Amino acid sequence: MVNQQRQPICGASWWWRWLPIMLLLAISQTTDATPPSNDDWWQRTVFYQIYPRSFMDSNGDGVGDLRGITSRLEHLKDAGIGATWLSPIFRSPMVDFGYDIADYTAIQPEYGTMEDFEALLAEAERLGIKIILDFVPNHTSDQCEWFRRSVAREHPYTDYYVWQDGRVDPNGNGTARLPPNNWQSVFYGSAWTLHPDRGQYYLHQFTAQQPDLNFRNPAVVEEMREVLRFWLRKGVAGFRIDAVNHLFEADGFPDEPETGTDRDPLSYGFTHHIYTKDLLEDYDMVYQWRALLDDWSRVHGGDARIIMTEAYANITFTMKYYHAEDDDDQADGEPRAAAGSHMPFNFLLITDLNRDSSAQDFVYTIQKWLTYMPRVGATANWVLGNHDQPRVGTRYGAERIDAIHTLLLTLPGIAVTYYGEEIGMVDNPDAISSGGGDSVTGTSDAFIVFSRDPERTPFQWDGTANAGFSSGPTTWLPVHPNYRELNLAAQRVAERSHYKTYQALVALRAHETFRKGSIQLVPYSSSVVVYVRELAEADTFVVVINLVGGERTVDLVAVFPKLSAELTVASSGSASNYRVGDIVQADKLIVGGYDGLVLRSVPLLSRAQRNLDGERHPTAATVWSAVKDAAVIASIIIALGSSYYGLRAPWQSVASGLAEGSLKK
């Protein structure tokens, strides 16, 4: 019997030249199974909040205005900002600086005219910047014409607000009245005020000059819809909805249960607000407004008009604003029921973290939002500051500004920046005693700590008088005294600065890995946060945040074994020892105090392709980082079947050749 040997398959030598590359390709395909996210304009831009009184004064009266904003929109373009939302610009007595609206369709005179607003819209459109307006539907000013007519019981305004008779005072003479129940105002005191002309109490969950609208009245609901339509006709791109979780109150107006932790019956912490906050009807109203905006976009064309919602609530309640259905209730991967807020504001970076937080705290807090967020029909967002909260440099420490911005701008989803944070502005405590600002929180010792003036001071444009904000003799709030050193003009010409770091990070986050990639977060130690952003067939990035002042040595390969041995610095803090383009070792990275680094690692697939194209030779590090994925290698070998033993020598020769080549480098 003739011994017939199996003839080699045509190109067997070619097969073995390509085997290492095939291994790399197979392994790289397992690194990211995350499907691409949606890519609408609002999901890929950075939002920037402007507080109009403090951004830019065009006429020297010491108060910022619309023409001032228009004149400085080029700054937003330069920073890479794609959309800005304006705190209220509507006609108002300014008790709460615009959050007490007297006329929803008129411009506050000290800010300018409707023509000024239209000019702002035109300039923003020219620069490719979307304008979002602050919509305040929960309450109006007590100077609003609707309220005056409601006080007089004029039809149809009689029930536009929440009116109730008082309770009989058991200790009185039978005619004295007490508030209808024990509800408190957010700003301290009873949430009810007796109006002598009407002879009834009206509800105000904020100041007495901000009476709550009655959203159980269909006429009020339609009034608010018409307000939205009015500004949509002007050309705005959407709305940020203020205090949305206070819209409805429980029927019957029952007393709220006491918390037992605050014994002051006039304090907001005295009761659990189960009848005045986070009611199911709040979410439904948001779904109705979303439907209105979606219908508008469908009929009128153009980009999507969006809703951003403000609700300080627990995370379970907050997630309900995304959309109405459960995660399992979907068809073809899309939500079946009512859509809601595009951005239910994520305040966790404000409320849950500060300068004393550990790396574990940071990872836990970030993962908390990503864990609770719906898997379908939702985009994450991260809010680092606003007009009601201390600035980043004050809350986290000025030395951490670049590191915290590195965090904000490399997390998945949408980033929101408060004006001035891009240059590292900090709170000005002298603003509290200036007498020109926050009358809502008062000036007594009990309220001084709650003043919002320190974070609302004028933008620091340059080192000239009033930081370039105003040509007038005074400003509505005093400019921070550090403006001669800390200002935009100086940071634009400096080799490195907070602004240039911020600007570079905004540009970097346009990379598809940051827009669509997955994230894996790890507290490397109590002081160092590390995470990897990955996307199939795209560059991988590693972010390293050092929360403390001392240097730390980090072995990134021990945490993320698929990284290349060498990484390229893609971004670093303004005080960092590293520069963009520096090469660092992944297994022994030295991170300076308070540094925030973004490091680029070429993915395995791309490295394999470069080897094929002859751009560079494979190294032992390249091959052996791939070999670590033993399960994939084993599956390939098993697929080769019995021919494995006969072909063992060629495999060994390929591996040893690669290793030998790396030793000669």
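User: Where is Tyr188 found in the chain?
Analyst: Tyr188 is in the loop between β8 (177-178) and β9 (192-195); helices (H or I, at least four residues) and strands (E, at least two) are DSSP runs numbered from the N terminus. The model is predicted, so local features need pLDDT of at least 70 and side-chain atom pairs count only at pLDDT 80 or more, while totals for chains, interfaces and linings use all residues. Residues are numbered from 1 along each chain as its sequence is written, and side-chain values use heavy atoms, with hydrogens and water left out.

User: What is the phi of Tyr188 near?
Analyst: Phi of Tyr188 is near 85°, a positive value in a residue other than glycine. Most residues other than glycine have a negative phi. Phe253, also not a glycine, has a positive phi of about 50°. Phe253 is placed in the loop between β11 (238-241) and α8 (280-300).

User: And why does Tyr188 count as partly exposed?
Analyst: Tyr188 counts as partly exposed because its relative accessibility is 38%. Buried means under 20% relative accessible area, exposed over 50%, and partly exposed in between (1.4 Å probe, protein chains only).

User: Which peptide bond is cis?
Analyst: The bond from His155 to Pro156 is cis, with omega near 5°. Most peptide bonds are trans. Pro156 belongs to the loop between α6 (145-151) and β6 (163-164).

User: Changing topic: how many aromatic pairs are there?
Analyst: A search of the whole structure finds 34 aromatic pairs. Rings of Phe, Tyr and Trp (its six-membered ring) pair if their centres lie within 6.5 Å; planes under 30 degrees apart count as stacked, over 60 as edge-to-face and the rest as tilted. Tyr312 and Phe347 form a stacked pair, 4.2 Å centre to centre with 10° between the planes. This pair links distant parts of the chain, 35 residues apart: Tyr312 is in the loop between β12 (306-309) and α9 (315-319), and Phe347 in the loop between β15 and α10 (348-351).

User: Is Phe347 buried or exposed?
Analyst: Phe347 is buried, with a relative accessible area of 6%. Tyr312 is partly exposed, at 29%.

User: Which residues form an aromatic cluster?
Analyst: One cluster includes Tyr104, Phe135, Trp146 and Trp289.

User: What lies over the face of Trp41?
Analyst: Lys130 does, at 5.2 Å from the ring centre. A charge sits over a ring if NZ of Lys or CZ of Arg is within 6 Å of the ring centre and within 35 degrees of the ring normal. Arg391 lies over the face of Tyr419 in turn, at 4.7 Å from the ring centre.

User: What about Thr70: which residues is it in contact with?
Analyst: Leaving aside neighbours within four places in sequence, Thr70 is in contact (heavy atoms within 4.5 Å) with Asp116, Ala119, Leu120 and Glu123. Thr70 is in helix α3 (residues 66-71) and is buried, with a relative accessible area of 19%.

User: Last topic. In what order do the 6 strands of the open sheet come?
Analyst: The order is β18-β19-β20-β25-β22-β23, and the pairing is antiparallel. Two strands pair if DSSP finds at least two bridges between them. The edge strands, β18 (518-523) and β23 (583-585), each pair on one side only.

User: How many bridges do β18 and β19 have?
Analyst: β18 and β19 (residues 528-534) pair in the antiparallel sense over 6 bridges. Leu521 stands opposite Tyr531 in β19.
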